[in-house]
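Subject: Handing over a structure

Hi,

Here is the structure I promised to pass along.

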Amino acid sequence: MRSQIYFMFSNFFKSMGWCKVPGFMQAHVEMGLVDEVELKSLLEQETDSPQTKAASLMEQGSLREHRAKAPRNSVIQSFKIVILSNKLNLLLPFGPLAILVHYLIDNKGWFFLLSLVGITPLAERLGYATEQLACYTGSTVGGLLNATFGNVIELIISIIALKNGMIRVVQLTLLGSILSNLLLVLGCAFFCGGLVFSRKDQVFEKGNAVVSSGMLLLAVMGLLFPTVLHYTHSEVHAGSSELALSRFISCIMLVAYAAYLFFQLKSQPSFYTEETNQNKEMSEGDEVPEISKWEAIVWLTILTAWVSILSGYLVDAIEGASVSWKIPISFISVILLPIVGNAAEHAGAIMFAMKDKLHLSLGVAIGSSIQISMFAVPFCVVIGWMMGAQMDLNFQLFETATLFITVIVVAFFLQEGTSNYFKGLMLILCYLVVAASFFVHEDPHQDDI
């Protein structure tokens, strides 16, 4: 009877939260409601209750999940995870093989091809290491890491070419990366996503798309005025006004890009933060980080160094490959190099679109295009200024017109805030037209390369 009375009162006091008051259980013993033996038995029953066990299991699971956030791998385990876990890494030996061919065989065409194949898995692994590192950072840092390392191949190739005085290779490579992201990457994402969800139009944030289109048009304006100034022969000081204008516009574009990052990352939800948050959700749900933060940093350093070495050989072989294959240097720089450099972004954009997460596909394609046009291009102009190289924003008439028309076409396709496989197909066909145009285009400044 006393036990029943105790249960009745204890259940009431539990609901009120009074059982947690110190001395509450001992007071029941002193009042004679329950003796010490019964109290011990009841406490054991309470401890072994299903609710308590469930709470304990949840706590243990939470601890295990927390420990999974920072795995501790040995050097061999880390090597297996990063290098041996992906089938695309079967192409990694082509990098050392390319260097071997460079010293044994005097054939620039084969060397260039092997270098391209060898860089492809490195671009994918850079993306993987960046995603792993983004799991440990906030949305701002992770978003910047994803955007920056997504274009690290183009930046490295451009800096090496600029150091070697190959200004046209820098201009054409950066231009090709913008065209590839806007037409090929975005087009394939729209097309594949539209095929998977063929019965509806995929929707994305229209406001962000409009802002991004405006930034791209601003980049086109920055390239257009030095080109028009050159071809109208209206310079105040022939040979110097064009270069001075390019350097001034580059500084303005860098300020505009910094303001854009601040606006997107601090004031408004952006492609960068959405992409990073999505990576974080994937890591917490379907996936957990496979390597630790410091492992990711070390692998990023190693992969970037290897890409830099291989890119140096690749840049030296561009002219020889053009002669060997009888292909214009502009086609190699604008079409072939960016396709390899954007391999990881290409695969990621398609994957997100097929999961109906089109805002992430836009973040990959449009975000990378904005970073190249508003940061990488003016950054190379400023770096060339420091090196004493006359790198300017005059990308020549044919190239500037191609970029201008591309941005206009993409802006029209984005203005409705929807996509389907037809829009994707049109963008892919536009890219084929651009590729064919550069295949028959002879660069008038080929001697400067």
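Below is what I found in it, going from the whole chain down to single residues.

A word on the ground rules: this is a predicted model, where local features need pLDDT of at least 70 and side-chain atom pairs count only at pLDDT 80 or more, while totals for chains, interfaces and linings use all residues. Residues are numbered from 1 along each chain as its sequence is written, and side-chain values use heavy atoms, with hydrogens and water left out.

**The whole protein**

The protein has 20 helices and two strands; these are DSSP runs numbered from the N terminus (helices are H or I with at least four residues, strands are E with at least two). Of its 449 residues, 49% are buried. For burial I use relative accessible area: buried is under 20%, exposed is over 50%, and partly exposed is in between (1.4 Å probe, protein chains only). Among contacts (heavy atoms within 4.5 Å) with a separation of 6 or more, 82% join residues 24 or more positions apart.

The largest nonpolar core holds 109 residues, and Phe112, Leu186, Ile366 and Leu414 touch the most other members. Its largest share, 15 residues, comes from helix 10 (residues 167–196). A nonpolar core here is a set of buried Ala, Val, Leu, Ile, Met, Phe, Trp, Tyr and Cys residues joined through side-chain atoms within 4.5 Å. As background, nonpolar side chains in soluble globular proteins tend to be buried together.

**Helix 9 and its two partners**

How do helix 9 and helix 10 run relative to each other? Their axes come within 8 Å and cross at roughly 165°, so the two are roughly antiparallel. (Axes are lines fitted to C-alpha atoms, for helices over the stretch in contact, and angles run from 0 to 180 degrees between N-to-C directions; under 35 degrees is roughly parallel, over 145 roughly antiparallel, 65 to 115 roughly perpendicular, and the rest oblique.) From helix 9, Glu154, Ile157, Ser158, Ala161 and Leu162 make the contact, and from helix 10 it is Ile167, Val169, Val170, Thr173, Leu174 and Ser177. These residues divide into seven nonpolar, three polar and one charged.

With helix 18 (residues 358–387), helix 9 (residues 152–163) packs at about 25°, the axes being 11 Å apart. That angle makes helix 9 roughly parallel to helix 18. On the helix 9 side you'll find Leu155, Ser158, Ile159, Leu162 and Lys163, which meet Ala376, Phe379, Cys380, Ile383, Gly384 and Met387 of helix 18.

**A few single residues**

Most residues other than glycine have a negative phi. Lys326 is not a glycine, yet has a positive phi of about 60°. Lys326 sits in the loop between helix 15 (318–325) and helix 16 (329–341), and is exposed at 74% relative accessible area. Asp356, also not a glycine, has a positive phi of about 60°; its place is the loop between helix 17 (343–354) and helix 18. Asp356 is partly exposed, with a relative accessible area of 30%.

Beyond its neighbours within four places in sequence, Thr402 is in contact with Leu179, Val434 and Phe438.

Cheers

Key:
Ala, Val, Leu, Ile, Met, Phe, Trp, Tyr, Cys and Pro count as nonpolar, Asp, Glu, Lys and Arg as charged, and the others, Gly among them, as polar.
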